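Here is a short tour to read alongside the model. Keep the sequence and the 3D view open as you go.

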Amino acid sequence: MIDFLQKLGQTTLTSFAKLGRGYFFLIHTLIGIISVLAHPRLLTKQLYSVGVLSFLIISISGLFVGMVLGLQGFYILSDFGAEETLGVMVAASLVRELGPVVAALLFAGRAGSALTAEIGLMKATEQLSGMEMMAIDPIKRIIAPRFLAGFLSMPLLAALFSAIGVIGGQIIGVGLLGVDDGAYWSQMQSTLDFQDDILNGIIKSIVFGFVISWIALFEGYDAAPTSEGVSRATTRTVVNSAFTILGLDFILTALMFGDI
Amino acid sequence: MQNTKTQETLVGLFVACGIASLFFMAMQISNLGSFSSEKLYNINANFENSGGLKVKSPVTIAGVRIGRVVSISINKDDFVSVVKMNIDSRYKLPTDTVASIYTAGLLGEQYISLDPGGSEQFLKENGLIDITSSAVILEELVGKFFTDKVSE
């Protein structure tokens, strides 16, 4: 019994300690961003590895998600004779939910895991402490550019996902199933609102980008400096990001669309 | 290791694509393109029953949208529904304009249709439309139909 209580206490304390370290890490990183702005070259490189390399998976997934939405939506809507509202259905579900959420999940898997593995391995091979020895702050030099790159890439990738998805829905709905092209776009435009739908979707993706970058970099930075530690940290990044994205998505949706 | 220049070009391309898709969403998917920088003015109308009218429902003249509903509230004194509309200021409405609530299709959303009168005077900011006809409530209509049938 005492053992159990001790274990419980230990788990609680370690998880709180980790949370605390995470917050300090975040504050350091945010301060470090100021010095990144003075060296934009560092950011370009990270934007390439975080953003550009995720470009392909995001656009292909967006296309297919849009096409599936077009197909499924058409079969359901044609039961009610409301095929013309296909555009609304595809665009609303992409812009509000699927765009930010699926892009964030893919981003966590594609870029987040890579960031964790990279930072974790740097720590395991003592590159980070080596930098500290040379009086270079690894948070400013290594972490902050990656954080900023993740934070900036996510909204762009989510927007790309939604835009390509809508086009994918149009390819299937209009091109294959014969929904009227004018109805597809005009119904979409008259129903979706810039502020309520598009802006809220962008806000979601900004929040997700922030959270994924934070989790991924912190897990790498906090990883046990062994090969097993790095592999565990990478797994934790993907799992924790997925939980956080889905949980935050619910909260954000309730806040944004709750009163409708 | 890739050449820095190629890398920078690709990053530039990525950012450009991202911004282009944001722009595409704003213009093509949402209605930002149609109601952008036009000036708007408010007018009010009192309805006995505003039915299923919602904020952002369209306001039309002869089927063309000229504005949208901004708020729906209730007047505490005489319990009528006060509907505030945002109208494109290019359109001047005579003071004897009639406002009616119609439904687009059988199950479609409700909208306000304005029928301009012949008055020489025009509604100003926060002007009030006096002549209105309320929303047709399907249940009331069906109820009336059945009571008529029974009384026959």
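Is the crossing of α3(A) and α5(A) left-handed or right-handed? In this predicted model, the crossing of α3(A) and α5(A) is right-handed. You can find the pair at residues 86-124 for helix α3 of chain A and residues 138-176 for helix α5 of chain A; their axes come within 7 Å and cross at roughly 145°. Sorted by class, the residues in the contact of α3(A) with α5(A) are 22 nonpolar, seven polar and two charged.

**Chain A as a whole**

Stepping back, chain A has eight helices and zero strands. Along the principal axes, the C-alpha atoms of chain A fill a box of roughly 65 × 55 × 30 Å.

**Chain B and its domains**

Chain B is assigned two parts: domain 1 covers 1-33, and domain 2 covers 35-142. How far apart do the C-alpha centres of domain 1 of chain B and domain 2 of chain B lie? The distance between these centres is 41 Å.

**Where the chains meet**

Now to the place where chain B and chain A come together. Chain A brings 28 residues to the contact, and chain B brings 24 residues. The area buried between the two chains is about 2,400 Å², and carbon and sulfur atoms give 75% of that area. Which residues of chain B lose the most area to chain A? They are B:Phe14, B:Met25 and B:Ile29, which together make up 29% of what the chain B side buries.

**Salt bridges**

Over all chains, the count comes to 10 salt bridges. Between chain B and chain A, the count is one salt bridge. Here are two salt bridges to look up in the viewer:

| B:Glu8 | A:Arg41 | 3.0 Å |

B:Glu8 and A:Arg41 pair across the two chains through their side chains.

How values were computed:
Residues numbered from 1 in each chain as written. Chains lettered and ligands numbered in written order. Predicted model: local features only at pLDDT ≥ 70, side-chain atom pairs only at ≥ 80, totals over all residues. Heavy atoms only, no water. Domains from an automatic or database assignment. Axes fitted to C-alpha atoms, helices over the stretch in contact; angles between N-to-C directions. Helix = DSSP H or I, 4+ residues; strand = E, 2+ residues; numbered from the N terminus. Left-handed = near helix turned anticlockwise from the far one by under 90°. Nonpolar A, V, L, I, M, F, W, Y, C, P; charged D, E, K, R; others polar. Contact = heavy atoms within 4.5 Å. Buried area = accessible area lost by both parts, 1.4 Å probe. Salt bridge = Lys/Arg side-chain N within 4 Å of Asp/Glu carboxyl O.
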